[in-house]
Amino acid sequence: MKISRNQPLRPGVSRVAAAFLVVYAAGCGKQPETVAPPPPEVTVAAPVVRDVTLFEDFIGTTEAYQSVEIRARVQGFLEKISFEPSTFVKKGQVLFTIEQAPYIAQRDRAKANLEAAEAGLRRAESDLDRLEEAVKTNAVSQQEVTRARAERDQASAAMLQAQAALTSAEINLGYTTVKSPIDGLVSRRLVDRGNLVGAGESTLLTTVRKIDPLYAYFEINEGLIAKILEARGGRSDEKLGEDDVPLIMTVIETGARFEGFASWIDNTVDPSTGTIRVRGEFPNPEAKVFPGVFVSVGIPGELLPDALLVEETALGTDLGGRYLLIVGDGEVVERRSGEAGRVLGDNS
């Protein structure tokens, strides 16, 4: 819109023009002075010189030290469950109770049969003694003595059979109380109370696993196993001890570390892979690791005496290779090129 010279400006337009004049006047003044930025902060770390043992790391999985399936060994209805899932149980602790009444009756019947068999044996022995005395005076025939002796032997066999039946009945009655055979961590119940168990098969009720100590299985190359056997002086037929092959196990997900040792080495190298299976044993008193977890297992290898250790973040890289910035005399920073070794983790 064209504005006439004599036309008064609207109040809003006057304020805009005034602001423009102020800005223009400021722009015509002196240029502002440039302020230099402060120097950047630099972190200085002193290198460390010490002997370093290089570790060979291998991936493996953890397994329980002992694993037991708790099964019903007699048939009956499950009457009681006496544990909480995922808790630690002791050896001999009662976990389940199967109905006992039928097995108590079997035991009592077997006990009565044994008492009857014992009485029959006593009578047969008494008859034999009497006849053996009578035959001396020809009061009875030798044939009667022979028959009495056979009856005594039959009564003795019947008593032994009754004893075996009582023992079997007592064993079956004992199986109605299902106990944990080991100390360990119990899983959940796999059968609810009131179900029929042990009918035609040994029903799986739960599992108990001992996880302290804990095993870790992994594969190592044949070259390393040759060095281990050589270091042991060729004693490949002797049981591995805690000082033979020390190990460090690291949980991949959490970084938790455990010190242990190799407790078993397989007797055959797999020719298709050139590796052999090894089992490590690690204390796990606080149950920080469960079976089935992926872990990294480190085996000590080459020793580097007086190795120079620096933080990995201190190493730089350019077209010339790896380098370090060294603070020299007079706090002057110098660039030093060099060849870096392995990156060491917590195992070294």
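1. Threonine 206 is found in strand β8, residues 204-221, where strands (E, at least two residues) and helices (H or I, at least four) are DSSP runs numbered from the N terminus. The model is predicted, so that local features need pLDDT of at least 70 and side-chain atom pairs count only at pLDDT 80 or more, while totals for chains, interfaces and linings use all residues. Residues are numbered from 1 along each chain as its sequence is written, and side-chain values use heavy atoms, with hydrogens and water left out.

2. Threonine 206 is buried, its relative accessible area being 0% (buried means under 20%, exposed over 50%, partly exposed in between, with a 1.4 Å probe and protein chains only). Leaving aside residues up to four places away in sequence, threonine 206 touches Val68, Glu69, Ile70, Phe83, Leu95, Phe96, Val186, Ser187, Arg188, Arg189 and Leu190, contact meaning heavy atoms within 4.5 Å.

3. The side chain of threonine 206 also reaches the backbone oxygen of arginine 188, at 2.8 Å.

4. Helix α2 (residues 101-134) and helix α3 (residues 142-175) have axes that come within 8 Å and cross at roughly 160°, which makes α2 roughly antiparallel to α3 (an angle over 145 degrees counts as such). The residues of the contact of α2 with α3 comprise 19 nonpolar, six polar and 10 charged.

5. For the protein chain as a whole, there are four helices and 15 strands, and buried residues make up 28% of its 348 residues. Of the contacts with a separation of 6 or more, 73% join residues 24 or more positions apart.

Terms used: Axes are lines fitted to C-alpha atoms, for helices over the stretch in contact, and angles run from 0 to 180 degrees between N-to-C directions. Angles under 35 degrees count as roughly parallel, over 145 as roughly antiparallel, 65 to 115 as roughly perpendicular and the rest as oblique. Ala, Val, Leu, Ile, Met, Phe, Trp, Tyr, Cys and Pro count as nonpolar, Asp, Glu, Lys and Arg as charged, and the others, Gly among them, as polar. A polar contact is a pair of N or O atoms within 3.5 Å; within protein, one must be able to donate a hydrogen and the other to accept it, and residues adjacent in sequence count only if both atoms are side-chain atoms.
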